[in-house]
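Have a look at the model first, then read on.

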Amino acid sequence: MSLKILDKFWHKTLRRPYRLAVAGDSGDPGLAGANVVLLHGIGRTGQVWKHVAGGLTTLGVRVIAFDLLGFGASPKPDWLIYDIDDHARAAIASIEKLRLDEPAVLVGHSMGCLVAVRVARLRPDLVKHLVLYEMPLYEGLPQKRRYRLRTDLYFKLYKRIMRYQPAFSAENARLAERLAKKIVGLEVTNETWLPFIRSLEHTIMRQTAADDIKQLGMPMDVIYGTFDMLVIRGKPHKIFGDAKERITAHTIRAGHIISPKASRFLVQRIMAAL
């Protein structure tokens with residue numbers, strides 16, 4: 001039996017979750033229970049957290065950054081649909097493997113926020129605090145015309161990208177490069193193209209975060225950048241209902257990237273949560 005067939009049997013037939021590649025595991029907690037897990041956004045890798053990880057490890061915190069399913073060095077099965085539960089189950093299995101002494105502060109960027117929220121919903125025992133930076137929230141927003149127009153605009157952009165599936169052609173590459181320069185800094189290749197478009201459709205466009213957040217009991221920091229073109233900022237009490245009591249909202253001068261400046265702010269918020 002080939003490794004590919006065995007892999008498919010183990011993970012598809014038996015429903016065993018994949019485990020994510022560790023992009024970085026640094027620091028030896030000087031503080032009891034000071035563990036932080038980082039989940040990156042779509043089309044990126046765990047390396048985007050380098051400034052955050054560097055700032056935290058100098059403060060006696062253990063920091064683990066994963067490559068999400070389909071990206072970086074993590075598995076990229078071509079049969080998976082890459083919905084929110086595919087991503088969350090892989091993240092949960094990977095966090096469990098760490099055998100942390102205490103629940104972690106779980107930090108997400110962009111799509112990583114949606115995954116982090118789902119992990120917290122499915123396994124609240126693993127998460128003591130959520131830090132959500134640039135969460136692309138399109139569901140559960142107030143019924144306002146400006147929100148509806150922006151969501152429609154984003155979905156038109158996403159559907160345009162999805163039209164190119166399944167091949168990563170030269171045209172795909174040019175499109176990804178233009179998006180990278182203008183908006184989000186994507187790192188899409190032929191190998192990650194299928195996970196990218198499926199994650200875009202099944203995790204970002206068919207998201208569960210607004211409903212999941214309402215069910216959570218742990219505190220959360222929700223952080224947005226004033227120059228972010230891909231998110232819709234709203235007032236937490238209008239979006240999250242009773243969960244607003246557990247949410248601290250912040251706005252910083254940043255775009256849809258984890259810049260050194262944004263990293264310093266994230267380090268502050270993470271340290272406050274430990």
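Of the chain's 274 residues, 54% count as buried, meaning under 20% relative accessible area, with exposed meaning over 50% and partly exposed in between (1.4 Å probe, protein chains only). This is a predicted model, so local features need pLDDT of at least 70 and side-chain atom pairs count only at pLDDT 80 or more, while totals for chains, interfaces and linings use all residues. Residues are numbered from 1 along each chain as its sequence is written, and side-chain values use heavy atoms, with hydrogens and water left out.

The chain holds 10 helices and seven strands; these are DSSP runs numbered from the N terminus, with helices (H or I) of at least four residues and strands (E) of at least two. Take contacts (heavy atoms within 4.5 Å) between residues at least 6 apart in sequence: 80% of them join residues at least 24 apart.

Now for helix H3, residues 84-98. Its 15 residues reach 21 Å from first C-alpha to last, close to the 21 Å expected at 1.5 Å a residue; that expected span is 1.5 Å times one less than the number of residues. How many of H3's residues are buried? The count is 11 of 15, so the helix is mostly covered. Among them are Ile84, Asp86, His87 and Leu98. The cover over the buried residues includes these elements:

| Element | Residues |
|---|---|
| strand E2 | 35-39 |
| strand E3 | 62-66 |
| strand E4 | 104-109 |
| helix H4 | 111-122 |
| helix H7 | 193-204 |

What about the ends of H3? Aspartate 83 caps the N-terminal end, with a side-chain oxygen 3.2 Å from the backbone nitrogen of aspartate 85. After the helix comes arginine 99, whose phi is positive, near 50 degrees.

Is threonine 203 buried or exposed? It counts as buried because its relative accessibility is 0%. Leaving aside neighbours within four places in sequence, threonine 203 is in contact with residues including Ile84, His87 and Asp83. The C-alpha atoms of threonine 203 and valine 115 are 8.3 Å apart, though 88 residues separate the two along the chain.

Methods:
A polar contact is a pair of N or O atoms within 3.5 Å; within protein, one must be able to donate a hydrogen and the other to accept it, and residues adjacent in sequence count only if both atoms are side-chain atoms.
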